[in-house]
Amino acid sequence: MTSSSSVPRLVVAAPSSGSGKTTVATGLMAALSARGLAVSPHKVGPDYIDPGYHSLATGRVGRNLDAYLCGPGLIGPLFLNGARGCDIAVVEGVMGLYDGAAGQEELASTAQVAKLLRAPVVLVVDASSQSRSVAALVHGFVTWDPEVRIGGVILNKVASDRHEALLREALESSGVPVLGVVRRAPRVGTPSRHLGLVPVAERRDDAVEAVAAMAAQVAAGCDLEALVALAHRAGDLADTEWDAAAALVPSPPPSLPAPAPAAGLPEEPVVVAVAGGAAFSFSYAEHAELLTAAGAEVVVFDPLRDEELPAGTRGVVVGGGFPEVYATELSANEPLRKAVAELALSGAPVAAECAGLLYLCRELDGLPMCGVLDATARMTERLTLGYRDAVAVSDSVLAVAGTRMRGHEFHRTVVEPGAGDAPAWGVRTPAPRVEGFVRRGVHASYLHTHWAGEPGVARRFVERCRIS
């Protein structure tokens, strides 16, 4: 094992979505793990689903690297935290290599993350329906930004030996080595629905088989030794490894000394119940780490199965997922719905994002939910997707009014009304509006946020748990 600052690493990118980078990245992680390497899995962007497959492939927590939600300065530190103790790291990109936050140049793109990590890029190219043109495509991506180091190409969806020969001949003059050829084959068993791949939590056995099939494809068609050698050519990072406890310490103004450690014995942890299971599988690993560092005992509960909140619960976090798929089962679990409603009525802190927002509504698609919010939710055909700049409108268990945060929306549902008397956030895009609900200790909103970008959220939430 190497130190995390010098861990060998690769970024798996593509010219566009749909090129096969998830299959290649996940298969590469699994193939390297099968060879006995400790592989650190990462995903560029706010995606919650791909990291679940990465975790299956590696046996480690899949972590996100999002320069929009957390800021470019945290990409290196968050990477180093995840890569601690690993032999190699594989980072799956998002969309096309140079695609990032709309209208903000390279911000949050795979290219930006690759540069911040000083990591070579492996470009996965969908080679179907082309031969010599592949050289022009690769040449364009290689020369577009000289700071992005494309170390090799993996050709995907190749039809035959003849097709492969034509592609290799075309790429000989590009100077970019072909590190793998994956033949055209039926889609590996990773079914999709309205928001992308079906999460691992919903199809554990099938997902294990799918990851094994991805690993077999990559091992059969790619030069693993060459890929590992390329990863070893990544540059060292000068960043300091992110640490949840250190992140919670407020930075003093430049003219003041750092605050002294609090005297006395540490306080007993307070139980914070975090929703999990198939209906609520969206969460960033750093959230639980920050809650724990702030003094919480994080206990996961499954709203589909558990009829009670964990013993001693002082606060609840209900993140994202697919409650609309499990509305019948969630509604049928009346004891837990009542327990959540009673806790919220008591004034205890309850933080809900997107799926959690729907769960707290009076009803979802006509089925009773927790009834914490006087609002209804329903599925629609319209996809709401994008990064958001937000400002806290009301004081809440997460933030004081005026706190600025960045978030991400991704859903095909609508909540009516969209905001309460005390809204959670004001957002500027795609049009100025207020959204979400702050009521007693409840903070509920469509916005997914990454607390590593604003660690004070976790500290404030646990503090409110102690006094509620």
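Helices (H or I, at least four residues) and strands (E, at least two) are DSSP runs, numbered from the N terminus. With that in hand, let's walk through this predicted model, where local features need pLDDT of at least 70, side-chain atom pairs count only at pLDDT 80 or more, and totals for chains, interfaces and linings use all residues. Residues are numbered from 1 along each chain as its sequence is written, and side-chain values use heavy atoms, leaving out hydrogens and water.

An unreviewed UniProt entry lists residues 272–453 as "domain: CobB/CobQ-like glutamine amidotransferase"; such annotations may be inferred rather than shown by experiment. Over residues 272–453 the chain is 18% helix and 38% strand, with 21 Å between the end C-alpha atoms.

Now look at a pair of helices. The axes of α1 (residues 21–34) and α2 (residues 50–58) come within 8 Å and cross at roughly 20°. Because angles under 35 degrees count as roughly parallel, α1 is roughly parallel to α2. Here the axes are lines fitted to C-alpha atoms over the stretch in contact, and angles run from 0 to 180 degrees between N-to-C directions.

Which residues in α1 meet α2? They are Thr 22, Thr 26, Met 29, Ala 30 and Ser 33, and they meet Asp 50, Tyr 53, His 54, Ala 57 and Thr 58 in α2 (contact means heavy atoms within 4.5 Å).

Finally, find Asn 81 in helix α3 (residues 75–82). Asn 81 counts as buried because its relative accessibility is 9% (buried means under 20% relative accessible area, with a 1.4 Å probe and protein chains only). Not counting residues up to four places away in sequence, Asn 81 touches Arg 63, Glu 241, Trp 242 and Glu 289.

Notes
Parallel < 35°, antiparallel > 145°, perpendicular 65-115°, else oblique. Buried < 20%, exposed > 50% of the residue type's maximum accessible area, 1.4 Å probe, protein only.
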